[in-house]
Amino acid sequence: MTSDTNLTRRRYLQGTGAAGAALTMAGCLGGGGDGDSDGGTTDTDGTTSSSGGQELEIVHWWTAGGEADALEALVEGFEEEYPEVTVTNNAAPGGAGSALDTEIQSRILNNNPPSTFQIWPGESLNTYLESDVLVDIGESVWDQEMRDAYLDGVKQLSQPDGDFVAVPLNIHRLNNLFYNVDVVESAGVDPSSLSSPADVLSAMETIRAETDATPMIHQTQAPWSSIQLWEDILVGSAGVDVYQDVLAGNVAANEQAVRDALQTLADYSDYFNEDAGSVAWDQANNEVIQGNAAFLHQGDWAAGQYKTAEDFDYGDDWDYVPFPGTDGIYHVVTDSFVMPTSNPSPEATEKWLSYCGSVDGQERFNPIKGSIPPRTDVPDEEFGPFLTEQREDFNDSSAQPPTIAHGTGVTPEVKSNIEGVFSSFNGSWNVDNAYNGLTNAF
Amino acid sequence: MRSRILRVLGASDEDDPETAEPDVRTDGGTTSDAAAASGETSRLGQWLDSEFAKSLPFWLPATLLVGLFVYGAIGWNFLISLTDWQGLRQPTYESLDFEMYTRFFDSVFAGGLLSGPQEYWALRNTFVLLVVFTVAALAVGLLLAILVDRDIRFENTFRTIYLLPMSLSFVVTAIFWAWMYNPESGLINQTLGAVGLGSLAQQWISDPQYKLFAVMFALVWQFSGYAMVVYLAGLRAIPSDQYEAAKVDGASLLKMYWRVIVPQLRASTTSAAVVLMVFALKAFDFLYVMFGTRPGPSADILAMMMYRESFGTTNWAYGSAIAMILFALALGVIAPYLYLQFKRGEL
């Protein structure tokens, strides 16, 4: 009796075990099948794209408030213009593309890229160009009309290897010195009279002596803010040519300028908010809004935060000057879209890229994003007073250099090395080590 | 549980010969000349009837899955680390060598014993984290366990309070420790200031001197509760006569714990230590939330560097090599434990 029940139970168990095994096998087979059907989809997509009804998958990192709204507006405009294309809006959240890179790279390696994805143009395309995975869109997207509308510095960024591969959609300016008007006035400092990075130092000294406010807001939690500040100190004290030469890798040839800029940054650090190492830049920026701090060096995305703050108006409560010494220069931070090879929807992607390069697209996107359009012929009406001024500066600018901190100026490898240098410079402020690190970084 | 399984297996051991033997006997008896065909079937039948075949459905699926997705992946990762794969092309497996490993260890030793490039700092910090964090978490956990074990009131409440941090995600704990460590408004510096120790206030997570310490302190806070639970189970397993005997012999409280109780917690210590070390190797999430991918040399760890090399600069082969080194570290931690268990016959 007992052995009988034992047997049946065992047989029952065996049965389930076998069923489990069968299921696993089926699972494996299913997996194999998936792989096959994947291959199939690219085929079918190829055919659908030639027949008309198309699906466009956009991968981007614009998920925060204003950015997300701006992209929404852009997509809406695109769908009005090209109703036959369905847009799949696939966000990869994570500031400055930290998660997006991972996703895009693995998808390209699996030969399953999206229709288009967001990326900084310029040298940060290097990884993709080296592996030859971006389509040359010089013919299909960059027509003469579009080429005429873009400034040279930006066009350069779209064709790092000679062929046009990217379409810049928006431009932020990096070399701004924002300030709280009340704080600066009560200290008796006139920002527009500052003419070099060294002047900023003496202004901060005055602010510390005259008021209780923090002279400058900064964050050293992640290295990028210090990198961009160092970039502008270098441009402001040694000029654009020296800066471009450093970007080209000639650090040792410009030793004095690089060291001086590092030293100036180290001197600045005395005037930073005490909690610079523990906060994000926008957290710190609240101090400027509340009148507890005077200066902020940051890209003009900082203006978006001032705009949303209550009772904090442009001109009356906050204002900006081009970072002292960089007048007439528009230090460009820009985002672009590209077209990967093995594209699931080549035609729809071309339409999207053309739309990103059009007046309509840039007019919808940029006012909401708080950036200026790279095209110089977009009408002014939609842009507020701050952006209109920035646009004038841009159109009149003598140089539009790229940036290290935001990927356009150096390859990802070099950028990573420089980040390593500044992650230890932040906190140690050791100029010799940082200089040696920079010479090895390129 | 394990002994019950053994008993079941033992039972089937006894069962099988009984069922198998008569078969053999009848087989051998009836078919002596029609050998080949029926011999085959009987061998198949025999095989199907064997312990091995019968146990197949139980362990084979899991073994295949684990083999493919765990050991297969590790093996493939090792293979990639031998290539020169970088960029977004497919890897080539033609020239396999240990170049990535020599590159790593060359960099580690490039700057001497006290400094060097990122490889040196990542490896050093990983070691420090492994040792200091584990020892500290064990010590705090043991102390808590002994306190909670002393028949206090609200024992369960305290146990829950101490264990709670472990149930929180690294993302949550990293963010609120970043708040606590804020040198201006953070709780730690404020408290120090309030009790008149303002001179001890530091830039906890920006001063390179304290960065790793601050991270380890937060991790100890999060995981000592786990060590406490393991130790508590160990303490409960010690018969109370031993406490009484020690008391009768006139041992002081300290001496009793040190001489009688703690030595019996060796098994708890090893098992808790292994888990804690694995957590130390996985501190990636915590650092990533606090500092992004660049914590700076004073708090960089191998896992962070591996991520940067692979996904930041697409040096896949180098990233894989770092992953293998990390794997070897983890294995080095667990191997003695497994060996000990094996020797004690508990495996």
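At roughly what angle do the axes of helix 14 of chain B and helix 15 of chain B cross? This is a predicted model, in which local features need pLDDT of at least 70 and side-chain atom pairs count only at pLDDT 80 or more, while totals for chains, interfaces and linings use all residues. Residues are numbered from 1 along each chain as its sequence is written, and chains are lettered from A and ligands numbered from 1 in the order in which they are written.

The axes of helix 14 (residues 302-312) and helix 15 (residues 316-343) of chain B cross at roughly 165° and come within 8 Å. Helices (H or I, at least four residues) and strands (E, at least two) are DSSP runs, numbered from the N terminus. Axes are lines fitted to C-alpha atoms, for helices over the stretch in contact, and angles run from 0 to 180 degrees between N-to-C directions. The crossing angle therefore makes helix 14 of chain B roughly antiparallel to helix 15 of chain B, a term used for angles over 145 degrees. Helix 14 of chain B contributes residues including L302(B) and M306(B) to the contact, and helix 15 of chain B contributes residues including W316(B) and I322(B). Two residues are in contact if their C-beta atoms, placed from the backbone, lie within 7 Å.

Chain A holds an open sheet of 4 strands in the order 6-7-5-8, with mixed pairing. Two strands pair if DSSP finds at least two bridges between them. Strand 6 (214-217) and strand 8 (318-322) of chain A stand at the edges, each with a single partner strand, so one side of each is left without a neighbour in the sheet. Strand 6 of chain A pairs with strand 7 (residues 293-297) of chain A in the parallel sense over 3 bridges.

Confidence is expressed by pLDDT, the predictor's confidence in each residue, from 0 to 100. Chain A averages a pLDDT of 83, and 86% of the residues score at least 70. Over residues 1-7 of chain A, however, pLDDT stays under 50. Where pLDDT is low, the predicted coordinates should not be read in detail.

Technical notes: Angles under 35 degrees count as roughly parallel, over 145 as roughly antiparallel, 65 to 115 as roughly perpendicular and the rest as oblique.
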